[in-house]
Amino acid sequence: MEYWNGRAETMPREELERWQWRRLRRALDHARENSPFWAERIPDGITSMAAYTERMPLLHKADLLASQQAAPPYGTWPSLDPVHGVRHHQTSGTSGNPPVRTFDTERDWKWITDTFCTALYANGVRPHHKALVAFGYGLFAGFWGMHYALERMGCTLVPAGGLDSKTVVRLLVDYRIEVLGLTPSYAMRLIETAAEMGVDLARDANVKVMLAGAEPRSDFTTRTIEQAFGARVFNAAGTTEFGAVFMFECPSRRGACHINEPTVVEEVLHPETKEPVGYGEEGVRVTTGLYREGMQLFRHWTEDIVVKRPHTDCGCGRTWDFLDGGILRRYDDMRKIRGVSITPVMIEDVLRGFTEVAEFRSSIRTVRGLDTIHVQAEAGGVTGEAATALCARIAEEFKREIGIRPQVELAPVGSLPRTKWKAARLHDERQLAHA
């Protein structure tokens with residue numbers, strides 16, 4: 001097994017914990033001295049990691065938004081004057097909330113790039129590879145770090161931002177691209193586009209490694225992408241608030257997403273009691289950044305539902321614990337309908353099981369006083385009695401897998417939105433109705 005930074009990735013746990021505490025102590029001192037936001041929140045007398053997790057208050061997205069709305073654009077959050085920033089980014093806003101705005105210094109970007117290098121190298125990317133990043137290159141941080149990491153590693157890079165899907169498919173084939181970075185939703189769009197063009201991606205292209213991140217995905221979606229491209233799909237995740245990749249999937253164990261622990265402290269807390277949960281138990285991920293100097297993050301309640309497992313459960317030799325399956329779903333994405341808890345990934349898992357369905361959109365509506373799931377699905381060439389039968393099959397499978405029967409209708413081909421960004425396929429229209 002080869003590592004991007006073997007010393008950091010294999011250090012003994014005792015040494016890793018000492019390293020984390022030294023970095024955290026410096027980060028807290030920097031924040032207390034330079035950030036009015038953090039100076040008000042950091043308690044005195046934090047002399048150990050245990051004291052930190054016990055006494056430091058949780059940070060919620062609403063706290064950051066309130067600060068930034070009171071003193072735009074960055075609020076009192078920064079620990080450095082924004083004049084030192086070399087790049088501005090902000091969250092995608094797919095949740096319907098205002099975006100969180102951030103900037104990064106040149107030093108921050110070196111760290112961000114290195115976290116991507118760690119992930120890419122673990123996934124088998126090497127300097128001789130040709131890579132394509134199919135990403136919109138806008139304000140959303142997304143795959144910017146991957147772009148710079150590929151350059152740093154010495155790969156030949158094709159930035160495909162702004163190009164239409166047919167051109168992207170053509171580039172994959174013509175340039176024999178071996179490494180591909182994109183969202184799972186856009187991977188599904190490329191599969192659809194390639195089929196329209198008569199291109200068999202597994203046969204005609206040369207993709208070997210795919211990094212598909214920025215949104216949760218079902219296991220069925222992962223298998224569909226891998227089969228279509230003939231390539232291994234790896235998971236990775238970062239956030240704009242944190243600034244970098246905090247986890248990446250290990251090739252040694254499917255779904256084992258190692259936490260980049262020298263750069264981040266990851267707690268897993270019970271969603272209601274806020275108490276720590278043990279290995280193998282579901283909880284909400286709470287993150288603390290150890291390296292970023294411009295906009296620091298301490299005990300951020302992420303809303304991500306995860307299950308942490310010990311590093312010894314993976315045979316790769318890394319001493320970093322891992323999140324089993326990565327981000328399983330988001331706590332704030334969960335909706336209750338007639339007592340049944342539903343998340344977007346659950347809906348995707350059902351809809352992707354129907355080969356006729358190219359794209360879909362779902363919403364929660366109140367119909368005659370009753371909360372109801374409404375599903376729109378594109379299914380080209382399905383009409384008449386076949387369309388009626390398909391809607392009935394989808395509704396029945398939905399009921400069997402999730403426990404509630406939706407209203408299902410077929411949408412015209414090409415009518416539902418496709419995106420290179422995060423896909424938002426579950427819309428709670430009950431909130432809009434009462435707004």
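This is a predicted model: local features need pLDDT of at least 70, side-chain atom pairs count only at pLDDT 80 or more; totals for chains, interfaces and linings use all residues.
**Strands, a sheet and crossing helices**

Apart from its neighbours within four places in sequence, Asp-304 is in contact with Gly-283, Val-284, Arg-285, Ile-327, Arg-329 and Arg-330. Asp-304 belongs to strand 13. With a relative accessibility of 6%, Asp-304 counts as buried, because the cut-off for that class is under 20%.

The strands around this residue come next. Strands of a sheet pair through backbone hydrogen bonds, and the pairing can be parallel or antiparallel. Strand 13 (residues 300–309) pairs with strand 12 in the antiparallel sense, over five bridges. As an example to find in the structure, Val-286 has Trp-301 in strand 13 as its bridge partner. Strand 12 also pairs with strand 11 (residues 264–269), again in the antiparallel sense, here over six bridges. Val-264 stands opposite Gly-289 of strand 12. Strand 12 (residues 282–289) is largely enclosed by the rest of the structure, because seven of its eight residues are buried.

Five strands make up an open sheet, in the order 4-3-5-6-7, with parallel pairing. Strand 4 (156–159) and strand 7 (232–234) are the edge strands, each pairing on one side only. On average, neighbouring strands of this sheet are turned by 20° against each other, direction ignored. Strand 3 (residues 130–133) and strand 4 run parallel and are joined by four bridges. Within this pairing, Val-133 has Pro-159 in strand 4 as its bridge partner. Helix 7 (residues 144–153) packs on the sheet and touches strand 3, strand 4, strand 5 (179–182) and strand 6 (209–212). The direction of helix 7 makes about 155° with that of strand 4.

Helix 7 also meets another helix. The axes of helix 6 (residues 106–122) and helix 7 come within 8 Å and cross at roughly 75°. Helix 6 and helix 7 are therefore roughly perpendicular to each other. On the helix 6 side, the residues in contact include Trp-109, Phe-116 and Tyr-121, and among their counterparts in helix 7 are Trp-144, Tyr-148 and Met-153. By class, the residues of this contact between helix 6 and helix 7 divide into 12 nonpolar, two polar and three charged.

Ser-165, Lys-166, Val-168, Val-169, Arg-170 and Leu-172 of helix 8 meet Tyr-186, Arg-189, Leu-190, Thr-193, Ala-194 and Met-197 of helix 9. The contact of helix 8 with helix 9 has seven nonpolar, two polar and three charged residues.

The last pair to look at is helix 12 (residues 344–351) with helix 13 (residues 384–402), where the axes come within 10 Å and cross at roughly 135°. That angle makes helix 12 oblique to helix 13. The crossing of helix 12 and helix 13 is right-handed. Here, Met-346, Ile-347, Val-350 and Leu-351 in helix 12 meet Ile-394, Glu-397, Phe-398, Glu-401 and Ile-402 in helix 13. Sorted by class, the contact of helix 12 with helix 13 has seven nonpolar and two charged residues, with no polar ones.

Definitions and conventions:
Residues are numbered from 1 along each chain as its sequence is written. Side-chain values use heavy atoms; hydrogens and water are left out. Axes are lines fitted to C-alpha atoms, for helices over the stretch in contact, and angles run from 0 to 180 degrees between N-to-C directions. Helices (H or I, at least four residues) and strands (E, at least two) are DSSP runs, numbered from the N terminus. Angles under 35 degrees count as roughly parallel, over 145 as roughly antiparallel, 65 to 115 as roughly perpendicular and the rest as oblique. A crossing is left-handed if the near helix is turned anticlockwise from the far one by less than a right angle, and right-handed if clockwise. Contact means heavy atoms within 4.5 Å. Ala, Val, Leu, Ile, Met, Phe, Trp, Tyr, Cys and Pro count as nonpolar, Asp, Glu, Lys and Arg as charged, and the others, Gly among them, as polar. Buried means under 20% relative accessible area, exposed over 50%, partly exposed in between (1.4 Å probe, protein chains only). Two strands pair if DSSP finds at least two bridges between them.
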